[in-house]
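These are my notebook entries on one model, written down in the order in which I looked things up. I kept to what I could check in the coordinates.

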Amino acid sequence: MKLYCLSGHPTLPCNVLKFKSTTIMLDCGLDTTSVLNFLPLPLVHRCYFVVFYLSFTLSAGGIFTSPRLSKLPGWNSKDGTLNLEKELKECAGRVFVDSQPEFCLPERELLDLSTVDVILISNYHCMMALPYITEHTGFTGTVYATEPTLQIGRLLMEELVNFMERVPKAQSATCWKNKEIQRMLPGSLKDAVDVWTWKRCYSMQEVNSALSRVQLVGYSQKVASSFPSELFGAVQVSPLSSGYSLGSSNWIIQSHHEKVSYVSGSSLLTTHPQPMDQSSLKNSDVLILTGLTQMPTANPDGMLGEFCSNLAMTIRAGGNVLVPCYSSGVIYDLLECLYQFIESASLGTTPFYFISPVANSSLEFSQIFAEWLCNNKQSKVYLPEPPFPHAELIQTNKLKHYPSIHGDFSSEFRQPCVVFTGHPSLRFGDVVHFMELWGKSSLNTIIFTEPDFSYLDALAPYQPLAMKCVYCPIDTRLNFHQVSKLLKEVQPLHVVCPEQYTQPPLTQSHRSDLMLELQPPPMPYRRCSVLNLPFRRRYERVYIMPELANSLVPSEVKPSVAIATVSAILHSKDNKHTLQSVPKPPPVPPTKKRKRLMDEPPVVPAPKRLLSGVVPLEAFLTTLQKHGITEVKVEETADGHILHLQAEDTLIQLEEDGTHIVCDNEPLRTTLRDLVVRFLQKL
């Protein structure tokens, strides 16, 4: 069994497991942190937009853009040997790529991805690279995911494509990716990984084609038996609730005698999804662990409290609050928290805006996937009440949602307000426009709640910045204490995890509690590594045909245990093994010479009888004495006993799986053999 590791990001994994002639991809996360090396995509729109609201200037051709970003100086090396003014721009001491943002894809050269039979998706954040895999590698297999994962994943992809396509950039920066040039660049650009493999965003056509390959599954549904052609009859795969997000899953991959658990993005906290199924992870031979919290020292409840208090302080002071976020996930919990907080904090008249191309669909989907919610929210559906309180916020006009800042939003916009919008990287989406609008006032506050990006790196191209910045990362995934307790309960034989989990963070090297300490130690992996998992296949299930079974004559060797000998043909296909009767040879047409011989019945030799059982030492010694063999020296060995018949110069080895007689006297050897056989059962 081998594990190929295609991603270096522990919470956005992409691994390939080769197990029993099947090739299974475990998630295909897209590392979007690469976009932090690019300049933000500023507002680009035709002149019918309301200019005074967003304080943008009119440029040539009737296009509005950010004058600050357009006037940034180009970068040249200090010695003048590199002139990349058209590709790289300097801002507040940092250098950024002035081009359409690009993403770091999973490694595609480590193995032939066209050989992948199936892709298992654990949650909607871990499927964002799917179009790159299914549309550009020759992949012909099937993708398995739950319905909420598919639908919300579609929304996130659609939003990403929309952000990119509505603000196109004509130029494409490529020179800086040259290996010789990159090693001379400053800062994070010099250390960026595999920049020559970075790609621009996919299209909606590629998204739709990729998602058309998805086969929907439910929790604990065994999918392999229904689709033997995909998994070749070798293994069964079934999703379990992971407790992290709507429809998020851990996966069990098992054959008749082996079991692999894949744990990715799981939570034991009581939030809106179904609780995590822990018991089904027990008795795993190998447990592959990914997707632990990125903020092990930040308590989610404490972060929610800080979020609400900072929001209230800003609004009371007359400022605006900007919350860069994804269009699904944590935003549901933030809105629920604010629903309970608004009245007590006297924020009843403050408008809340949710701006995303998929805002309406996201809010609707969260209300209709009732069977994927925790029991408390499921029960509300039957009252009937909406599971999430943001439905009431929308009905009372306290929460309004818009596809973009254009159109209705420009006429209904009121300040002070709270705006939820994307993208959390601050590199594209409507959030860029609010950073330009509100960044120069210290009354305003930006509150980071998504843990995927360094907030300092996200803010770098906007410096100098007057608005206040608050970092309240809310990550409900398992922390190291929780996962250590979980592993003690489920007790896998072997644990495989990213190498980041086997050592403390670089900034907190003294914190041994922020790493996995297990016995035996976990097997770490990194991007582009290949692990041979400590997993030996010892058994295979074999089926026996009915007619062959009817011909067997079992013999009882001990109470409730019977065995029989069998002569058969082993037929193997699609990893299923069957014992079939030996076919009778076709009759040979008789000739004149052979006719007389054919009339005589063939002589079939009787099958050699097999022996079963163990020779008891004391009883055997007594039998030897009765036959006049008295000088016997007994020596105990690791496998049994050695009997030295001194007068006869003979050795007898009594072992669990056999008895050996070493004797030059043939009549004596025959006698000893017959004495041994008395204690054994003949089959």
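Which are the buried residues of helix 15? I went through the helix in this predicted model and listed Val431, Val432, His433, Phe434, Met435, Glu436, Leu437 and Trp438 as buried. Helix 15 runs over residues 431-438 and is mostly covered, with 8 of its 8 residues buried.

Entry on the domains. I noted that the protein is divided into domain 1 (2-61 + 99-294 + 478-532), domain 2 (300-471) and domain 3 (611-682). I then looked up the C-alpha centres of domain 2 and domain 3, which lie 85 Å apart.

Entry on cis peptide bonds. I found a cis bond between glutamine 415 and proline 416, where omega is about -5°, and I placed proline 416 in the loop between helix 14 (408-412) and strand 19 (418-421). I also recorded a cis bond from glycine 422 to histidine 423, with omega near 15°; histidine 423 sits in the loop between strand 19 and helix 15.

Entry on helix 9 and helix 10. I looked up how helix 9 (residues 300-316) packs with helix 10 (residues 330-341), and I read an angle of about 60° with the axes 11 Å apart. At that angle helix 9 is oblique to helix 10, and their crossing is right-handed. On the side of helix 9 the contact is made by Leu304, Phe307, Cys308, Ser309, Leu311 and Ala312, which meet Leu334, Cys337, Leu338 and Phe341 in helix 10. Sorted by class, this contact has 9 nonpolar residues, 1 polar and no charged.

Entry on helix 4 and helix 7. I read an angle of about 165° between helix 4 (residues 147-165) and helix 7 (residues 204-211), whose axes are 10 Å apart. Because angles over 145 degrees count as roughly antiparallel, I wrote the two helices down as roughly antiparallel to each other; their crossing is right-handed. Helix 4 contributes Leu150, Arg154, Met157, Glu158, Val161 and Glu165 to the contact, and helix 7 contributes Met204, Val207, Asn208 and Leu211. By class I noted 6 nonpolar, 1 polar and 3 charged residues in the contact of helix 4 with helix 7.

Entry on helix 20 and helix 21. For helix 20 (residues 617-626) and helix 21 (residues 666-677) I found a packing angle of about 140° and axes 11 Å apart, which makes helix 20 oblique to helix 21. The crossing of helix 20 and helix 21 is right-handed. Phe620, Thr623 and Leu624 in helix 20 meet Leu672, Leu675 and Val676 in helix 21, and these contact residues divide into 5 nonpolar, 1 polar and no charged.

Entry on positive phi values. Lysine 20 has phi near 55°, a positive value in a residue other than glycine, and serine 21 has a positive phi of about 70° although it is not a glycine either. I placed lysine 20 in the loop between strand 2 (15-19) and strand 3 (22-26), and serine 21 lies in the loop between strand 2 and strand 3. Is lysine 20 buried or exposed? I found lysine 20 buried at 6% relative accessible area, whereas serine 21 is exposed at 60%.

Technical notes. Residues numbered from 1 in each chain as written. Predicted model: local features only at pLDDT ≥ 70, side-chain atom pairs only at ≥ 80, totals over all residues. Heavy atoms only, no water. Axes fitted to C-alpha atoms, helices over the stretch in contact; angles between N-to-C directions. Helix = DSSP H or I, 4+ residues; strand = E, 2+ residues; numbered from the N terminus. Parallel < 35°, antiparallel > 145°, perpendicular 65-115°, else oblique. Left-handed = near helix turned anticlockwise from the far one by under 90°. Contact = heavy atoms within 4.5 Å. Nonpolar A, V, L, I, M, F, W, Y, C, P; charged D, E, K, R; others polar. Buried < 20%, exposed > 50% of the residue type's maximum accessible area, 1.4 Å probe, protein only. Domains from an automatic or database assignment.
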